[in-house]
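Here's a quick tour of the model, going from a sheet to the cores and then to a pair of helices. Keep the structure open as you read.

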Amino acid sequence: MRNFNEKTITDAVIQRFSSSTDPRIKEVCTSLVKHLHDFVRDIRPSYEEWEYAIDFLTRTGKICDGNRQEFILLSDTLGVSMLVDAVNNPTEGPVTQSTVLGPFFVEDAEEFALGANIAGGMKGLPAYVSGSVSSEDGSPIAGAAIDVWHSDDAGFYDVQQLETLGGNAGRGRFYSDENGKFHFWTIKPTCYPVPTDGPVGEMLTAQGRHPWRPAHLHYMIQAPGHRKLVTHIFDRADQYLDSDAVFGVKDELVRDYVDQSAGVAPDGTKRDAPYCTITYEFVMAKKAARAA
Ligand code: BEZ
Ligand code: FE
């Protein structure tokens, strides 16, 4: 086959991998070529624009390293990460909604006893964070692994300032108690911009968008027999809830930080300065129930 034109080339490309023995590869590649070709026919790029696109993707790859993943950021800011999450985690009933993982999760974070303070070198208003983990049938889940991580009051994660902080801060792993409950101390995080010093920043500027994410606490919760829950709890007072740069906000994930005066805290400790409290009741989906 030869002499392809704007109308015939799409079928020709799809035909070329028709003998693939992997049906999923065939399905994915067929759709990819169809959408990609339709996109080109739709926008009709000049050669200069096509070269810019290739250069943009090349630079996106080149800026990636062990700590920086610009392709994930591109996926996040184009809403693809949340779309993949929506496809994989349709939320039913009382199950807590999921949202993006983001680039600042660290595997094997330090484990802490309930009630510990994970602020490390981070400064900010002390926050007493509490909550519970239960199954979708209402029963409490004891021993659920609860990973939490958040930015400081200037919008930076520990991994972005390890040298000044001298180690991990604002992150840790806890296990829910026999009643499925947990609590710990940290500081109240603030909103922050996603990294803008790479191609994604260039794209946001060109699109006339801001790079901000509303303040949030990240959670990853895992318990036997249940689907892993990756989510955030957002600060209701934040100005960016309706314009999150990565489209991650859901109403059910928004909570209040309640200001508290000095005195005896909910865990019985005496506080000599003001602090705040925030709580959330997490509900996990059963694996079997979801598969059925
Ligand atoms: C985050 O919440 O940590 C995050 C998510 C997506 C892009 C950048 C940061
Ligand atoms: Fe975050």
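## The sheet and its edges

Pro126 has Ile187 in β4 as its bridge partner. This is a predicted model, where local features need pLDDT of at least 70, side-chain atom pairs count only at pLDDT 80 or more, and totals for chains, interfaces and linings use all residues. Residues are numbered from 1 along each chain as its sequence is written, chains are lettered from A and ligands numbered from 1 in the order in which they are written, and side-chain values use heavy atoms, with hydrogens and water left out.

Strand β1 (residues 126-135) and β4 run antiparallel and are joined by 7 bridges. Further along, Gly131 sits opposite Phe182 in β4. Strands here are DSSP runs (E, at least two residues), as are helices (H or I, at least four), numbered from the N terminus; two strands pair if DSSP finds at least two bridges between them.

Zoom out and you get an open sheet of 4 strands in the order β4-β1-β13-β10, with mixed pairing. β4 (181-187) and β10 (258-260) are the edge strands, each with a single partner, so one side of each has no neighbour in the sheet. From one strand to the next, the twist averages 25°.

## The cores

The largest nonpolar core has 28 residues, and Val133, Phe184, Tyr219, Ile221 and Phe282 touch the most other members. A core here is a set of buried Ala, Val, Leu, Ile, Met, Phe, Trp, Tyr and Cys residues joined through side-chain atoms within 4.5 Å. Elements giving two or more residues to this core are β1, β2 (145-150), β4, β7 (216-222), β8 (229-235) and β13 (275-284). The largest share, 5 residues, comes from β13.

A second, separate core of 11 residues includes Leu73, Val100, Met203 and Val246.

## Two helices side by side

Helix α4 (residues 70-77) packs against helix α7 (residues 199-206) at an angle of about 25°, with the axes 9 Å apart. That makes α4 roughly parallel to α7 (angles under 35 degrees; over 145 is roughly antiparallel, 65 to 115 roughly perpendicular and the rest oblique). Axes are lines fitted to C-alpha atoms, for helices over the stretch in contact, and angles run from 0 to 180 degrees between N-to-C directions.

Glu70, Leu73, Leu74 and Thr77 in α4 meet Pro199, Val200, Met203 and Leu204 in α7, contact meaning heavy atoms within 4.5 Å.

Technical notes
Buried < 20%, exposed > 50% of the residue type's maximum accessible area, 1.4 Å probe, protein only.
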